[in-house]
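Dear colleague,

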Amino acid sequence: MAASPGPAGVGGAGAVQGSGPSGFAFDSGLEIKTRSVEQTLLPLVSQITTLINHKDNTKKSDKTLQAIQRVGQAVNLAVGRFVKVGEAIANENWDLKEEINIACIEAKQAGETIAALTDVSSLNHPESDGQITIFTDKTGVIKAARLLLSSVTKVLLLADRVVIKQIITSRNKVLATMERLEKVNSFQEFVQIFSQFGNEMVEFAHLTGDRQNDLKDEKKKAKMAAARAVLEKCTMMLLTASKTCLRHPHCESAHKNKGGVFDRMKVALDKVIEIVTDSKPNGETDNSSISIFAGIKEFKMNIETLRENLYFQSKENLSAMLEVILERTEDFTDSAYTSHEHRERILELSTQARRELQQLISVWIQAQSKKTKSIAEELELSILKISHSLNELKKELHSTATQLVADLLRYHADHVVLKALKLTGVEGNLEGLAEYACKLSEQKEQLVETCRLLRHVCGTEPLEITCIHAEETFQVTGQQIISAAETLTLHPSSKIAKENLDVFCEAWESQISDMSTLLREINDVFEGRRGEKYGYLSLPKPMKNNANLKSLKPDKADSEEQAKIAKLGLKLGLLTSDANCEIEKWGDQESEIVRCGRNMARVAYSLYLFTRGEGPLKTSQDLIHQLEVFADEGLQLASSVQAFSKQLKDDDKLMLLLEINKLIPLCHQLQTITKTPLQNQVFLKVDKCITKTRSMMAILVQLLSLCYKLLKKLQMENNRWVSVTNKDSVDGKT
């Protein structure tokens, strides 16, 4: 069962960047350190195992003795590093401190014992302490190695409990802040709470990202990735949906829209906890493996056992298994989107599979009573025939599902319905809204059913989970787009309602784009190309006739690079939200500072989308151009703030100039990076650019907030001076 949410500060989950309560503030990097030490330690223990398993020689060479000693010393050093990490974890977690410390002491003793027993110098003075060495008796080293493995395992298991506790605590903080966001009534209060929420979501993203990388079960890893994707996208939706509700508090569709985002985020948070604690709510069963391909694979394995054992399977069991598979094919034959030719072929192959199973059973019965060579050959032939029929059925189902997806992606590539909904919204056209909402609902149902068909032909459980995620996303996002469009139609002049609809439409377009990647991966598995890596869809592609961009060729990222850039992108997205919140404070007031800030926030958001493989940036030229624009806007902002500072007193002016002095060098550095050729190191360039951009956005948020406060202060002082002057003038006349 998932833990219930508690107060935000209880057991504080220490922020990733060192902030936050100290009660539970060990750096999430400790998990990484523990893992790296484990990876260093276990191979060394393996080396010792190899050494002690070698046959005893009457005499060992000096070279062999030195090698044995080096291994023993290396193990002891690695254990020392491991123990330090374990003790650091223990000091931050009092409830587990005693258990961790005992395990650390055992590990330290084992490491020291191994070092002593493999010490060559003890050979020269055996009478000094009478100690038995590895060269005369292996028992001591074997016992020490076993103790070492046992104690290391204990520490790792206890550290794992700490990480789980940290994730649960972080989730509870997020939930508590979400409850406050749901009840907020003023925009000022919302800005303050959302800023805190953004920091907590970054922390939660770090913790769950590290956990996702550590998971060995590919199915759990896929579930975690799906839940984290929901949380990341919904964080951006939550901002605009909540702002729309605050701007239009009596609009029912706006509240429905916002409620949908909160509900989906809560479900995703619960799913993360289910994964890390390995629990299912209310005895819920896992039904993720109900695909036809999984059923066919199991059926074929069972019939192939007949070659070795004629009595291992029952005829009733095989018949029932085949009927379940063929019953699931009705999802294809009953679908209105399956073509007549595909439907006929699926029905024909289903009938053929039933017929060939009956033939197999008949030969099987004969083989149980007559053990002749001809019967054995006939049984083998029957097994091959039904296997071939099922393979043909797989091909037909795969062709049906993938062709349908490819056709849908082509048909909806231009997003005509979404564009029409946006247009009817700004026109306030309620009749048009009803028409296009109906069309989007039809499109949604078609995509949802297609995801269900695609799930049957995935071939792997992680891809099945991705299909389920896509199905749920289309189902939920379709309804949210309609409610957002209704809000805009009722308030056609509302900028925030328009922005809100744009955000939900972008989520829909993003999921359509993800379907292309999913389709490609399913085809790869089917054709035996499983395991190939793909770079981001939006990473630079080769450009013809462009010498300046030759170095920016597509690059394939490993999981660590992708995770790093995704984390940077998430922080950038949240900083963009913070900047927009600060800009909102200025209202309709025209200012060069606000103009530059708004432009920088817009570019930063497009860069955030780029890290997800989404958005308007498709080529290397697009990316470089936007980065150059961002750097130019940063320099213009610095100039505008400098001009504004001339109106201020010395102390206030100094505060602004300090921030400007941080911004200007970053702008120049970003300009330099964009002009530097990289010789195919695309991900390195993206990493550097996003890091610089993120630093500049953090300064932008500070500048916008500071300038707004100083402007208000300046206005108050001017008003006070005018008031005093008027009073003096009146007094003079009197």
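**A buried lysine**

Lys243 is buried, because its relative accessible area is 3%, and buried here means under 20%. Please keep in mind while reading that this is a predicted model. Lys243 belongs to helix α7, which covers residues 218-247. If residues up to four places away in sequence are not counted, Lys243 touches Phe187, Phe190, Ile496, Glu499, Asn580 and Glu584.

**The protein as a whole**

The protein has 22 helices and zero strands, and of its 734 residues 48% count as buried. When you look at the contacts with a separation of 6 or more, you will find that 78% of them are accounted for by residues 24 or more positions apart.

**Two helices side by side**

Helix α8 (residues 252-277) packs with helix α16 (residues 461-490) at an angle of about 155°, and their axes are 7 Å apart. That angle makes α8 roughly antiparallel to α16, and the crossing of the two is left-handed. On the α8 side, the residues that make the contact include Ser253, Ala254, Gly260, Val261 and Arg264, while on the α16 side they include His469, Glu472, Val476, Gln480 and Leu490. Sorted by class, the contact of α8 with α16 has five nonpolar, nine polar and five charged residues.

In soluble globular proteins, nonpolar side chains tend to be buried together. In this model the largest nonpolar core has 105 residues, and those with the most contacts inside it are Phe197, Met265, Phe299, Leu454, Ile481 and Met515. A second, separate core has 49 residues, among them Leu568, Phe644, Leu666 and Met696.

**A histidine in a loop**

Where is His415 found? His415 sits in the loop between α13 (373-411) and α14 (416-427), and its phi is near 50°, a positive value in a residue other than glycine. Is His415 buried or exposed? With a relative accessible area of 15%, His415 is buried, since the cut-off for buried is under 20%.

With best wishes

Note on methods: Residues are numbered from 1 along each chain as its sequence is written. This is a predicted model: local features need pLDDT of at least 70, side-chain atom pairs count only at pLDDT 80 or more; totals for chains, interfaces and linings use all residues. Side-chain values use heavy atoms; hydrogens and water are left out. Helices (H or I, at least four residues) and strands (E, at least two) are DSSP runs, numbered from the N terminus. Buried means under 20% relative accessible area, exposed over 50%, partly exposed in between (1.4 Å probe, protein chains only). Contact means heavy atoms within 4.5 Å. Axes are lines fitted to C-alpha atoms, for helices over the stretch in contact, and angles run from 0 to 180 degrees between N-to-C directions. Angles under 35 degrees count as roughly parallel, over 145 as roughly antiparallel, 65 to 115 as roughly perpendicular and the rest as oblique. A crossing is left-handed if the near helix is turned anticlockwise from the far one by less than a right angle, and right-handed if clockwise. Ala, Val, Leu, Ile, Met, Phe, Trp, Tyr, Cys and Pro count as nonpolar, Asp, Glu, Lys and Arg as charged, and the others, Gly among them, as polar. A nonpolar core is a set of buried Ala, Val, Leu, Ile, Met, Phe, Trp, Tyr and Cys residues joined through side-chain atoms within 4.5 Å.
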